[in-house]
2 protein chains.
Amino acid sequence: MARPREFDDTAVLDAAIDCFWAEGFAATSIRDLSERMGISGPSLYNAFGDKHGLFIQSIERYLDQTMRERIRRLEGAMAPAAAVRAFFAEVVKRALSDPERRGCFLLNVALERSNDPALGGSIAGYLGEIEAFFRRSIAAGQADGSIASHQSAADLARMLLGVILGLRVIARVNPSRPLIEGMARTALAALDPAASARRRAKEPVWVMATASAVIGGAWSRRAARRDAGRITSGARRRPSPSNDG
Amino acid sequence: MARPREFDDTAVLDAAIDCFWAEGFAATSIRDLSERMGISGPSLYNAFGDKHGLFIQSIERYLDQTMRERIRRLEGAMAPAAAVRAFFAEVVKRALSDPERRGCFLLNVALERSNDPALGGSIAGYLGEIEAFFRRSIAAGQADGSIASHQSAADLARMLLGVILGLRVIARVNPSRPLIEGMARTALAALDPAASARRRAKEPVWVMATASAVIGGAWSRRAARRDAGRITSGARRRPSPSNDG
DNA sequence: CGGATTTTAGATCGCGCAATCTAAAATTAT
DNA sequence: ATAATTTTAGATTGCGCGATCTAAAATCCG
């Protein structure tokens, strides 16, 4: 060793994550990174190789600090069904409190860099970690009766993975609470063990507290008739989309 | 009028869609567009204003030719429940036959350009058109009994919108047939009116033919025990994601 | 101290980009 | 014909980019 670093590696990595998260890989310039990270261009190259190397290391850090951290924390402390619902509740909360519309970093990376040879198939693996968490938890919940067994744990996990990702996509362009919460609530209803998916009162209180944001109220018969009326009258008109608020 | 155009506007627009679809807006250069469209740079600027104007017109054409066309075609010719299932079947088929991994153009645009002032909130509106198609169809299906009424048409539509989008995200990085079909099948199971979601034999034959790709086989009790075993043994180990093939 | 090694930062390089200039070619209207 | 108008394309412009060069500053080892 000779002259020591004047910056903390993980601190500047967090700054790089901020840049890549907000702007994407291509739209983030070395000058952007240099300014936000508080180090000069050559220091950046000396420490991380090049822009792409910095990007890869940013992704790795994000995964460990955010996605895997969440899975570890919830899976280690909660019953299986509660862990899955809490995971959804956290993602819904994040999606609805994102004024800068940055979305999910992993999702942004997945779409912008799906053909990045350095990422290869590893993005699929990262999403697979979420799916695997769902599958483990659902299988355990089915074993103890807290999750319905009408469908396989594998299929339920696949469906929940789809909803989680779709949820973050939509929240990026339309962060409407009824839309996002309705989406999550309806997907999670597939886990309900009771034949009637509408009564969930027998669950532990702390589940309600943690996941209450995504559970919401019961659907009424009045609403059913209103929805049906929308189409039976004025059949097949030009779509006038509802943006859910 | 004086000298006439030497090219067909819609034909070159289709070529532009190809470019933007494959590479995104930022990564597509005027030279790329000029070459693929078969016209020179100044002709492009003369006809479409600038790169961004061409992009906007490409999106409009894509929506009319692809997304809205599909909704019109299915909603006009099928029973409500069948239209929704056929919509999923078509999207699944597209997602699984995409060797270049281009994904869904609208979805790519939504994520890359979510803050584009010219697109404004209109992307939310485009996704809302899909949601509205789902909602209309589901409400009609609930009215005639072909779709379950346990959850509101609005919520079911929201959930299906999430799955459709999540499906295309995952297919982009992991186009695995079991994964994508399992995801779609499980989401669509929420529409099943019967208490037992596993028997669907009473549906019209043509529904099975159109949507068979996403329906698949019934889940077995053997698989249930296998899935449960995965977690009850070796509890809480480091995620070893399954990429579903 | 003094030689070796690493980090730092200003300046700079070549490149590809979106967009435009200039002017020739093709058409309609008179 | 000829004037007016639009489309066409080669050449070019200014800019921001990723990356590097040069050399000074800071530390460790003997």
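Q: Does Arg101(A) count as buried or exposed?
A: This is a predicted model, in which local features need pLDDT of at least 70, side-chain atom pairs count only at pLDDT 80 or more, and totals for chains, interfaces and linings use all residues. Residues are numbered from 1 along each chain as its sequence is written, while chains are lettered from A and ligands numbered from 1 in the order in which they are written. A residue is buried if 20 or more other C-beta atoms, placed from the backbone, lie within 10 Å of its own, exposed if 12 or fewer, and partly exposed in between. Arg101(A) has 12 C-beta neighbours inside 10 Å, so it counts as exposed.

Q: What is the phi of Arg101(A) near?
A: Most residues other than glycine have a negative phi. Arg101(A) lies in the loop between helix 5 and helix 6 of chain A, helices being DSSP runs of H or I of at least four residues, numbered from the N terminus. Its phi is positive, although the residue is not glycine, and is near 55°.

Q: Where is the place of Arg101(B)?
A: Arg101(B) has a positive phi of about 55° and is not a glycine. With 12 other C-beta atoms within 10 Å, Arg101(B) is exposed. Its place is in the loop between helix 5 (80-96) and helix 6 of chain B.

Q: How many helices does the secondary structure of chain A come to?
A: From the N terminus on, the elements of chain A run α-α-α-α-α-α-α-α-α-α-α. Strands (DSSP runs of E, at least two residues) number zero, and the helices of chain A come to eleven.

Q: What percentage of the 245 residues of chain A count as buried?
A: Two residues are in contact if their C-beta atoms, placed from the backbone, lie within 7 Å. Among contacts in chain A between residues at least 6 apart in sequence, 70% join residues at least 24 apart. Of the 245 residues of this chain, the buried share is 46%.

Q: At what angle do helix 4 and helix 5 of chain A pack?
A: Two packed helices are described by the angle between their axes and the distance between the axes. Axes are lines fitted to C-alpha atoms over the stretch in contact, with angles from 0 to 180 degrees between N-to-C directions. For helix 4 (residues 51-77) and helix 5 (residues 80-96) of chain A, the axes are 9 Å apart and the angle is about 140°.

Q: Is the crossing of helix 5 of chain A and helix 7 of chain A left-handed or right-handed?
A: Helix 5 of chain A and helix 7 (residues 122-144) of chain A pack with axes 7 Å apart and at an angle of about 140°. They are therefore oblique to each other, since angles under 35 degrees count as roughly parallel, over 145 as roughly antiparallel, 65 to 115 as roughly perpendicular and the rest as oblique. A crossing is left-handed if the near helix is turned anticlockwise from the far one by less than a right angle, and right-handed if clockwise. The crossing of helix 5 of chain A and helix 7 of chain A is left-handed.

Q: Which helix gives the most to the surface near DNA strand C?
A: A residue is near a strand if its C-beta atom, placed from the backbone, lies within 6 Å of it. DNA strand C is surrounded by 25 residues, the closest being Ala2(A), Arg3(A), Glu6(A), Arg3(B) and Ser29(B). Helix 3 (41-48) of chain A and helix 2 (30-37) and helix 3 (41-48) of chain B each give two or more residues to this surface. The most, five residues, comes from helix 3 of chain A.

Q: Which helix gives the most to the surface near DNA strand D?
A: Around DNA strand D there are 25 residues, with Arg3(A), Ser29(A), Ala2(B), Arg3(B) and Glu6(B) the closest. Elements giving two or more residues to this surface are helix 2 (30-37) and helix 3 of chain A and helix 3 of chain B. The most, five residues, comes from helix 3 of chain B.

Q: How many residues of helix 6 of chain B are buried?
A: The cover over its buried residues includes helix 6 (105-112) and helix 8 (153-173) of chain A, together with helix 1 (9-23), helix 4 (51-77), helix 7 (122-143) and helix 8 (153-173) of chain B. Phe105(B) and Leu106(B) are among the buried residues of this helix. Helix 6 (residues 105-112) of chain B is largely enclosed by the rest of the structure because, of its eight residues, the number buried is eight.

Q: How far apart in space are Val12(B) and Leu44(B), C-alpha to C-alpha?
A: Val12(B) lies in helix 1 of chain B and is buried, with 22 other C-beta atoms within 10 Å. Not counting residues up to four places away in sequence, Val12(B) touches Phe7(B), Met37(B), Gly38(B) and Ile39(B). Val12(B) and Leu44(B) are 32 residues apart in sequence, and their C-alpha to C-alpha separation in space is 9.4 Å.
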